[in-house]
2 protein chains.
Amino acid sequence: MLYLISLGLFDEKDMSLRALETAKKCDSLYVEFFTTKMFTDAQRISILVGKPVREIMRSDLEDRMEKLLREARTKDVGIMVGGDALVATTHVALLIEAKKLGVETRIIHGSSIYSAIAKTGLQIYKFGRTTTLALPQKNYYPTSCYDAIAHNAKAGLHTLVLLDVRSHANEYMSVREGLEILLDIEKEKKQGIIKPDTMVVAACVIGSEDEVIRYASVKKLLEEKIEKTPAILIIPGELHFLEEDFLKLFFK
Amino acid sequence: MLYLISLGLFDEKDMSLRALETAKKCDSLYVEFFTTKMFTDAQRISILVGKPVREIMRSDLEDRMEKLLREARTKDVGIMVGGDALVATTHVALLIEAKKLGVETRIIHGSSIYSAIAKTGLQIYKFGRTTTLALPQKNYYPTSCYDAIAHNAKAGLHTLVLLDVRSHANEYMSVREGLEILLDIEKEKKQGIIKPDTMVVAACVIGSEDEVIRYASVKKLLEEKIEKTPAILIIPGELHFLEEDFLKLFFK
């Protein structure tokens with residue numbers, strides 16, 4: 001059996017009791033940190049579970065997938081994953097290969113930014129599609145994130161903007177960088193989606209004791225130089241007065 | 001301090017280690033089951049935590065909110081909630097009252113249907129807004145759910161349809177009921193959103209060993225009489241071939 005075991009939002013304590021119980025009964029345990037930033041490591045998880053846990057890289061999962069799946073034919077193999085396990089599409093590919101080889105699979109769920117954003121007081125059913133703001137590269141400056149925000153805004157919906165994580169290079173986009181990139185795209189697209197006076201929600205390390213959530217104008221948030229990661233932005237659509245009251249009361 | 005402690009998707013084993021640790025240090029513990037169906041009870045949670053846990057009803061939370069918050073001024077009070085705690089807007093109101101009374105609050109997160117749906121292989125960033133299909137009542141037959149599906153479909157996006165939970169009457173909408181209601185609304189609205197041959201995803205008791213996930217036509221799913229609850233439907237938008245492969249491989 002192949003288990004995908006979610007670690008949840010922040011560190012190893014966000015694992016569920018079911019996740020810990022499942023990990024304890026696995027014959028082999030692996031953990032990956034390349035799809036999301038976690039504040040733990042293989043050693044701490046290993047101490048908690050009472051078994052060796054090996055960290056695997058993206059390349060391992062791609063190159064040695066067959067070996068891992070062969071192991072799961074006869075043994076219980078667990079792969080531990082930050083957040084909720086299937087949110088990263090990487091692992092969907094692993095499940096497909098497992099199925100083709102006749103290896104049974106099971107998912108153990110965990111907490112995720114997708115529901116945690118409800119703690120901003122913004123109603124979760126008023127969020128449109130989620131989008132990722134990519135780190136610009138030399139010849140690649142994607143603007144699809146801006147288009148997604150604009151599409152949601154037109155329907156009055158909020159947008160969760162995940163700020164890019166490129167963990168192999170240890171690069172995580174901060175609130176400041178994210179806002180600067182969005183302002184740059186605005187200069188080009190000119191739809192009035194993100195301006196210095198636009199009120200947005202910025203949040204970092206959600207679920208931790210160091211969590212920061214702020215509701216302020218883009219200009220003010222840039223001045224605050226919020227650098228903690230992982231970070232997200234929420235571009236609110238039409239605010240119900242209760243949503244706005246909550247934002248002002250807690251995060252202004 | 002007032003803690004909102006998430007129980008996660010299915011039963012008490014979906015609590016995180018952080019949730020259990022927090023519950024253990026609370027002076028008073030309450031649990032509510034009215035915002036979502038959980039396969040556990042106050043007694044089982046009490047045994048797990050090693051402390052008394054009192055079940056509270058919706059009316060308790062509304063009528064005795066002040067008493068509870070006064071208690072949280074001087075003691076650590078935990079309210080345990082199914083799924084991820086703030087998804088139910090009921091608890092947003094509680095946090096606002098707490099803030100007004102100067103009571104500090106903290107949220108402990110848990111697994112939720114909002115990210116768990118990624119296990120269908122449908123990419124989570126291709127979901128538009130989520131909608132709830134309400135149980136029709138005598139003089140009230142809401143069709144906003146249909147409109148949300150239509151809005152998402154126009155943009156090629158998937159829709160998560162939560163089937164209504166009216167827990168005080170122990171009524172939970174099944175896949176069969178949900179599909180019948182949507183077909184009824186289709187007869188009236190005639191936008192071709194839900195027809196007998198529309199392929200949809202139906203899922204029940206996600207996160208449990210009894211989990212059912214099916215990808216089939218509305219007609220076929222109606223014949224299968226899927227009655228387990230809580231249940232959801234997903235009305236897919238435009239399917240990427242990898243999404244369709246996954247659905248067919250695992251759930252057809």
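Helices (H or I, at least four residues) and strands (E, at least two) are DSSP runs, numbered from the N terminus. The model is predicted: local features need pLDDT of at least 70, side-chain atom pairs count only at pLDDT 80 or more, and totals for chains, interfaces and linings use all residues. Residues are numbered from 1 along each chain as its sequence is written, chains are lettered from A and ligands numbered from 1 in the order in which they are written, and side-chain values use heavy atoms, with hydrogens and water left out.

**View 1**
Thr229(A) and Pro230(A) are joined by a cis peptide bond, with omega about 0°. Pro230(A) lies in the loop between H9 and strand S12 (231–235) of chain A. In chain B, the peptide bond from Thr229(B) to Pro230(B) is cis, and omega is near 0°. The loop that holds Pro230(B) runs between helix H9 (218–224) and S12 of chain B.

**View 2. The parallel sheet of chain A.**
An open sheet of five strands has the order S3-S2-S4-S1-S5 in chain A, with parallel pairing. Two strands pair if DSSP finds at least two bridges between them. Strand S3 (54–55) and strand S5 (105–108) of chain A are the edge strands, and each pairs on one side only. Strand S1 (residues 2–8) and strand S4 (residues 77–82) of chain A run parallel and are joined by six bridges. Ile5(A) has Met80(A) as its bridge partner in S4(A).

Two helices of chain A pack on this sheet. Helix H2 (residues 42–49) touches S1, strand S2 (28–32), S3 and S4 of chain A (contact: heavy atoms within 4.5 Å). The direction of H2 makes about 145° with that of S2(A). Axes are lines fitted to C-alpha atoms, for helices over the stretch in contact, and angles run from 0 to 180 degrees between N-to-C directions. Helix H5 (residues 90–100) touches S1, S2, S4 and S5 of chain A, and its direction makes about 165° with that of S1(A).

**View 3. The mixed sheet of chain B.**
Here five strands of chain B form an open sheet with mixed pairing, in the order S6-S7-S12-S10-S11. Strand S6 (131–133) and strand S11 (212–217) of chain B each have a single partner strand, so one side of each is left without a neighbour in the sheet. On average, neighbouring strands of this sheet are turned by 25° against each other, direction ignored. Three bridges pair S6(B) with strand S7 (residues 159–163) of chain B in the parallel sense. Thr132(B) has Leu162(B) as its bridge partner in S7(B).

Helix H8 (residues 175–189) of chain B packs on the sheet and touches S6, S7, strand S10 (199–204) and strand S12 (231–235). The direction of H8 makes about 45° with that of S12(B). Helix H10 (residues 241–251) of chain B also packs on the sheet, touching S10 and S11, at about 115° to the direction of S11(B). The loop between S10 and S11 of chain B holds Val205(B). Phi of Val205(B) is near 35°, a positive value in a residue other than glycine.

**View 4. The interface of chain A and chain B.**
Chain A gives 51 residues to the contact, and chain B gives 51 residues. About 4,500 Å² is buried between the two chains, and carbon and sulfur atoms give 64% of this. Buried area is the accessible area (1.4 Å probe) that two parts lose on being put together, summed over both. On the chain A side, Leu17(A), Arg18(A) and His109(A) lose the most area to chain B, together 15% of what that side buries.

Eight salt bridges cross the interface by the rule. A salt bridge is a side-chain nitrogen of Lys or Arg within 4 Å of a carboxyl oxygen of Asp or Glu. One of them joins the side chains of Lys13(A) and Glu21(B), at 3.1 Å, N to O. Elements giving two or more residues to the chain A side are helix H1 (17–25), H5, S5, helix H6 (113–116) and helix H10 (241–251) of chain A.

**View 5. A salt bridge within chain A.**
Over all chains, the count comes to 36 salt bridges. In the pair Arg214(A) and Glu224(A), the closest N and O atoms are 2.5 Å apart. Arg214(A) sits in strand S11 (residues 212–217) and Glu224(A) in helix H9 (residues 218–224) of chain A, 10 residues apart.
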